[in-house]
Amino acid sequence: MAIERTFSILKPDATRRNLTGAINARFESAGLRIVAQRRIRMTQAQAMKFYEIHKDRPFYGELVSFMTSGPVVVQVLEGENAVARNREIMGATNPQNAAPGTIRKDFAESIEANSVHGSDSLENAATEIGLFFDESDIVG
Ligand code: GDP
């Protein structure tokens, strides 16, 4: 297995409920290292670009407004198989379908306000990391 980096976001529903530490504890206890982290307010332009792949979906406008509704924490997680490992820890997009013990099962409010984002491929991880971090921000 390879050491990988993946991109993660703690979404506004998580920061609003003071869940940064609780969610970070899930990553760290699963062996993922938080090698870069910044709390930001996403601009509308950033959110639109980040979720551009969903621009034709009916929920795109709502999703952009949710992602800009409060602070988010953008992160780079590093570890063995980090992309797939993080997707496992996060659980399914819809918390109603998420497995017991996953972040979304335990913390998500809805299919939209589902507490976390995690890259779905190594290629997307590199692209997404590059939208928010310079290489010098990442300390492994
Ligand atoms: P993810 O990779 O598990 O985050 O899922 P997707 O890439 O399919 O969707 C991106 C994000 O859009 C999700 O994490 C949700 O925040 C939101 N989303 C997905 N499906 C829906 C939906 O049916 N309705 C709404 N309102 N939001 C959705």
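Predicted model: local features only at pLDDT ≥ 70, side-chain atom pairs only at ≥ 80, totals over all residues.
## Around the ligand

Residues are numbered from 1 along each chain as its sequence is written, and side-chain values use heavy atoms, with hydrogens and water left out.

## Polar contacts and cover

A side-chain N or O atom of Thr 93 lies 2.6 Å from a ligand oxygen. For Arg 87, the distance from a polar side-chain atom to a ligand oxygen is 2.9 Å, and for the side chain of His 54 it is 3.0 Å. Alone, the ligand exposes 560 Å², of which the protein buries 80% (Shrake-Rupley method, 1.4 Å probe).

## An aromatic cluster

Phe 7, Phe 50, Tyr 51 and Phe 132 make up one aromatic cluster. Rings pair if their centres lie within 6.5 Å; planes under 30 degrees apart count as stacked, over 60 as edge-to-face and the rest as tilted. The count is four aromatic pairs. Phe 7 and Phe 132 are stacked because their ring centres are 5.3 Å apart and their planes meet at 10°. Phe 7 belongs to strand β1 (residues 3–10) and Phe 132 to helix α7 (residues 122–132), 125 residues apart; these are DSSP runs, with helices (H or I) of at least four residues and strands (E) of at least two, numbered from the N terminus.

Phe 50 and Tyr 51 pair edge-to-face, at 4.9 Å between centres and 80° between planes. Both are buried, meaning under 20% relative accessible area (1.4 Å probe, protein chains only).

Methods:
Phe/Tyr/Trp six-rings, centres within 6.5 Å; stacked < 30°, edge-to-face > 60°. Buried < 20%, exposed > 50% of the residue type's maximum accessible area, 1.4 Å probe, protein only. Polar contact = N/O pair within 3.5 Å; in protein donor to acceptor, adjacent residues only side chain to side chain.
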